[in-house]
Amino acid sequence: MDLEIITPKGIEFSGDAEKIILPTRSGQIAVLPDHAPLISVLKAGRMKIHTAGKEIEKEIEGGILEVEKKKTVILLKKF
Amino acid sequence: MELKEIRLKIQSVSNIWKLTGALETLSALKMKKAQKYALASRPFAQRMGRLVRRMEPTLKDKVRLRKRKLRDALAVVIASDRGFCGSFNQNILKRAQEEIEKLEEKSNVAILPVGKKAVSFFKKRQRNFDHFLTGIGNFGSLEEIKPMSDFIIKSYIENRYQRVYLIWTDFISTFCQNPKTIQLLPLEWDELKEFAGEAEDAAENAETKIEPSADMLVKEIIPQLVMYLIYQCVLESNASEHSARMTAMRNASDNARERVGELTLAYNKARQEQITNEVCEISSAKEVLG
């Protein structure tokens, strides 16, 4: 799926991802391609992004997850 | 003109030239930085703004999105702390004045000026305001904006104001800046459309699920959304201010340079005239004596 990570400092990540694991207020969730549209509040914790070649793991402070039909956007305060 | 007089004038003009030249360099640096900040955070703010569209169907009856009977409105006017930036402040303040007069036909209008120039402008016009914000001219940080945005949200929830407008300067390019007005609260997609840019087809994401709950989302996201919208407007205004200052200083330097040229020409002419006069005097004196 098409993933974009945006912070107030700019677009930090833009590309294809296979799976994202995120800490939300209602627990950890995994977003796979063709996920239903969703808006969710992220809490502080570890975020994991699986792309074709590698895995990115990052500590986040909180933000917003937006899943759309064509695109997934993660809005973070800091990356 | 006397020689001495012209010399003094040349000196003072070249002093001005030096000053404006230095300011030009300085504001060029600041402009670059301010532009970088404003452009970098634009996608984030726009994306935040677009959230309003997706949330609108779900949140229609929540307090922050609900329309109440209009009695008092708040106009936040973002200008700059310092002058010397051409017509930047005049443009935004003139626009603000017009907007406020228009709003006053419908309701009472309170003002929240941002930047010293806005504060003194409204003071001069005997406008009362309880709050103001200064010192954010140089790439204001989020922490500096937060008290203001908290105040705006709080007074909106307490029903002190039923509408909040932002009057700011949109940064388009170094040579082009546009004063603009947006309705910040209540959040309405129609009002934010221009700011947030094209949104995806709403129908496609019609069945958006909201987690954990709509109430939580309102509590968590809306204050942030409002804050980031204000922040972006401040950054855009900053970038516009520094760009306007650089352009103004460049024009001033160019004018000063031209003026020095003209004055030097006048000086040389006057000097030549004097020499010619002296030669004339000497030769005529010699003739008389001879």
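My entries follow, starting with how the model is to be read.

This is a predicted model, where I take local features only at pLDDT of at least 70 and side-chain atom pairs only at pLDDT 80 or more, while totals for chains, interfaces and linings use all residues. Residues count from 1 along each chain as its sequence is written, and chains are lettered from A and ligands numbered from 1 in the order in which they are written.

**Helix pair, chain B.** I looked up helix 4 (residues 142–157) against helix 6 (residues 214–289) of chain B: they pack at about 125 degrees, axes 9 Å apart. That makes helix 4 of chain B oblique to helix 6 of chain B (under 35 degrees is roughly parallel, over 145 roughly antiparallel, 65 to 115 roughly perpendicular, the rest oblique). On the helix 4 side of chain B, the contact includes Leu142(B), Ile145(B) and Met148(B); on the helix 6 side, Pro223(B), Val226(B) and Tyr231(B) are among them (contact: C-beta atoms, placed from the backbone, within 7 Å).

**Domains.** Chain B is split into domain 1 (3–21 + 250–289) and domain 2 (34–246), with bounds from an automatic or database domain assignment. Their C-alpha centres are 53 Å apart.

**Positive phi.** Asp34(A), not a glycine, has phi near 65 degrees. I found Asp34(A) in the loop between strand 4 (27–31) and strand 5 (38–42) of chain A. Asp34(A) is exposed, with 8 other C-beta atoms within 10 Å (buried is 20 or more, exposed 12 or fewer, partly exposed in between, with C-beta atoms placed from the backbone). Asn159(B) also has a positive phi, about 70 degrees, without being a glycine.

Note on methods
Axes fitted to C-alpha atoms, helices over the stretch in contact; angles between N-to-C directions. Helix = DSSP H or I, 4+ residues; strand = E, 2+ residues; numbered from the N terminus. Contact = placed C-beta atoms within 7 Å.
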